[in-house]
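Hi,

Here is the structure I promised to pass on. Have a look at it first, and my notes follow below.

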Amino acid sequence: SYFIKSCVTSLLLVGGFAAHAQVVRVGEVSRDFELTNRGDQSPLKLSDYEDHVIVLDFFAWWCGPCRASSPIVERDIYQYFKAQDGNVNGVPVTVIAVNIESDSPDRTDQFVEEAGLELVGDDFEREAWNQFNERSAIPLFVIINGVNGNSEYEQWEVLYKKTGFEGAEK
């Protein structure tokens, strides 16, 4: 009985560590994930944005710092690069605002509207969140290279990851 409990405890500890070890860090390749497009309820996958630079902006309606950062990211990154037809190499830059809060959908809708967010994915299963979250804090920003054949970075490589907002110029 003690031996079985000890083995089960060991397996749980190892399993917990293995799940945590799967967090993707800067310089590593992210796994594909699927969110639900908040606008039309269609699947929203990372792999849908092949040949884009993807910026993930993890938020929740109750997050004060997110209220400040999300509108700036939308305007100064997504809308800016959209108007420029991409970055200096002509690569589209897409911001996906990732909602991690399932409670109070009306408040989330209000947040999305006030921030002017164009592309929002609901991550209620925490599929994307669990892949990138290390500190359990938001806002969390992740930049991923979706371009295949780039000589400097692998496709789907995480180029940047930061909890807290360092400004759109970063």
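A quick definition before the helix packing: axes are lines fitted to C-alpha atoms, for helices over the stretch in contact, and angles run from 0 to 180 degrees between N-to-C directions. Helices (H or I, at least four residues) and strands (E, at least two) are DSSP runs, numbered from the N terminus. Bear in mind that this is a predicted model, in which local features need pLDDT of at least 70 and side-chain atom pairs count only at pLDDT 80 or more, while totals for chains, interfaces and linings use all residues. Residues are numbered from 1 along each chain as its sequence is written, and side-chain values use heavy atoms, with hydrogens and water left out.

Now the packing. Helix 2 (residues 64-83) meets helix 3 (residues 105-115) at an angle of about 45 degrees, and their axes are 9 Å apart. The two are therefore oblique to each other (under 35 degrees would be roughly parallel, over 145 roughly antiparallel, 65 to 115 roughly perpendicular, and the rest is oblique). On the helix 2 side, the contact (heavy atoms within 4.5 Å) is made by C66, R67, S70, P71 and E74, and on the helix 3 side by F111, E114 and A115.

Helix 2 also turns up in the largest pocket, where helix 2, strand 3 (53-59), strand 6 (140-145) and strand 7 (157-163) each supply at least two lining residues. Of the 24 residues in that lining, V53, V55, V93, I143 and L159 are the closest to the pocket's centre. A pocket here, on a 1 Å grid over the protein atoms alone, is an open set of points where a 1.4 Å probe fits, with protein on both sides within 12 Å along at least five of seven lines; lining residues have an atom within 4 Å of a point.

The peptide bond from I138 to P139 is cis, with omega near 0 degrees, and P139 sits in the loop between helix 4 (127-132) and strand 6. D85, in the loop between helix 2 and strand 4 (93-99), has a positive phi of about 60 degrees although it is not a glycine.

Cheers
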